[in-house]
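The following note is intended for a colleague who is meeting this structure for the first time. Please read the numbered points with the model open alongside.

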Amino acid sequence: MPFRQVTAAGHPALALSNDEVECILVPALGGKVTNLRRRRGREWLWRRPAGTDPQGSGAAYPDLGGWDECFPNIAPGPMPGAAPGEPELPDHGELWRLEWHHDVLAGPTGTLVTGRVVGEALPYEFQRDIVVPDDGAEIRFEYRLLHRGTVAFPFVWAAHPMFLAQPGTLLTLPTVRQVRVDHAAGRADLVPDAEVPWPLDDGSHSWAVPAEGGWSAKLYADIGPSGVAVLTDPTRGEQLELVVDPASVPQVGIWIDLSGGAPRLAVEPCLGAPDRLDRAVAGWGTAASLAPGETRKWTVTVRLPEPD
């Protein structure tokens, strides 16, 4: 059965699957994806343990885990060009707290869930299609952004999947050699705006989640011509690959949280950096922009190959 109704995070949810892969999304939580795995493999997405869910209200982002979409910003901050006293853009953007409309289509080659949402802070329509083909170990996230106003605006977008990352988990970015620091805590060597070599801390091809932490950092890089980021499970050998066309999704964000409790790692294909939109415009100069009537499309493909 290509899709079925289930419950996740206490809400009605949709499970999309074929013989090899499965993902679960919750329409009522801004289209959050709560589960992503091979049918007979490990769960990749981190979720906050039951009974410890923070209660988000207003502009506060409830950090429940899973995969969210961040747009038109990531960190809270002022809209560039806004008049004094205007509300700031909310934490993790506004898509997680707006009402989405979802449709499900089971076609001859796979299952498609379309989610659409209309912006409040800016005049746009954001659409994300999650496509699970009938065969194969991949899931496609296809995006469409439409400007519905009369004045161009800047933005940043990031897929925000929070991964389970036990010590030894490997992150491989084949065509990244350096990263730029957005912010960090507990690491005096990671200074905001500085560029540092990648991988951190060693000279190997991949970065491994350390057994001891006490620090956190948000880093950004140009993803490079490969357009690939790979996570490798240290015990089972399973891999998750994020694949983009670097011409349409040029950056990747890396959120490393080793500050306490279970390690968390977000690998975020993105348009623009860093987290605050005003800094992306005036500081780093990497913010994307959308003109009146313009439509922009891009795709993130998740591959979950069978372990060797």
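1. Arg38 is buried, as its relative accessible area is 9%; buried means under 20% relative accessible area, exposed means over 50%, and partly exposed lies in between, all with a 1.4 Å probe and protein chains only. Its salt-bridge partner is Glu20, and the closest N and O atoms of the two are 3.7 Å apart. The pair links distant parts of the chain, for Arg38 belongs to strand 4 (residues 32-38) while Glu20 sits in the loop between strand 2 (11-17) and strand 3 (21-26), 18 residues apart. Glu20 counts as partly exposed, with a relative accessibility of 27%. A salt bridge is here a side-chain nitrogen of Lys or Arg within 4 Å of a carboxyl oxygen of Asp or Glu.

2. The model is predicted, local features need pLDDT of at least 70, side-chain atom pairs count only at pLDDT 80 or more, and totals for chains, interfaces and linings use all residues. Residues are numbered from 1 along each chain as its sequence is written, and side-chain values use heavy atoms, with hydrogens and water left out.

3. Further salt bridges deserve attention. By the stated rule, the count is 22 salt bridges. One of them joins the side chains of Arg187 and Asp189 at 2.9 Å, N to O. Arg187 is buried at a relative accessible area of 16%, whereas Asp189 is partly exposed at 45% relative accessibility. Another pairs Arg236 with Glu238, where the closest N and O atoms are 2.7 Å apart. In this pair Arg236 is partly exposed at 48% relative accessibility, and Glu238 is buried with a relative accessible area of 3%.

4. As to charge in general, the protein chain carries 26 positive and 40 negative side chains. Lys and Arg count as positive and Asp and Glu as negative, while His and the chain ends are not counted. The centres of the two sets lie 3 Å apart, the place of a charge being taken as NZ of Lys, CZ of Arg, CG of Asp or CD of Glu.

5. The overall dimensions may be stated next. The radius of gyration of the protein chain is 19 Å, which agrees with the value near 19 Å that a compact globule of 308 residues would have. This radius is taken over C-alpha atoms, and the globule rule is 2.2 Å times the number of residues to the power 0.38. Along the principal axes, the C-alpha atoms fill a box of roughly 55 × 45 × 40 Å.

6. Burial and surface follow. Of the 308 residues in the protein chain, 52% are buried. The accessible surface is about 13000 Å², and carbon and sulfur atoms account for 51% of that surface; these areas come from the Shrake-Rupley method with a 1.4 Å probe, and for residues only the protein chains shown count as cover. Among contacts (heavy atoms within 4.5 Å) between residues at least 6 apart in sequence, 60% join residues at least 24 apart.

7. Two cis peptide bonds may be inspected. Phe71 and Pro72 are joined by one, with omega about 0°, and Pro72 lies in the loop between strand 5 (67-70) and strand 6 (101-106). A cis peptide bond also joins Ala273 and Pro274, with omega about 5°; Pro274 is in the loop between strand 20 (264-271) and helix 1 (277-282).

8. His92 is not a glycine, yet its phi is positive at about 65°. His92 is found in the loop between strand 5 and strand 6 and is buried, with a relative accessible area of 15%. Asp193, also not a glycine, has a positive phi of about 80°. Asp193 is placed in the loop between strand 13 (178-185) and strand 14 (195-197) and is partly exposed at 37% relative accessibility.

9. Finally, which residues does Gly237 contact, leaving aside its neighbours within four places in sequence? They are Thr232 and Pro307. Gly237 lies in the loop between strand 17 (228-232) and strand 18 (239-243) and is partly exposed at 36% relative accessibility. Gly237 and Asp308 are 71 residues apart in sequence, but their C-alpha atoms are 7.6 Å apart in space.

Conventions. Helix = DSSP H or I, 4+ residues; strand = E, 2+ residues; numbered from the N terminus.
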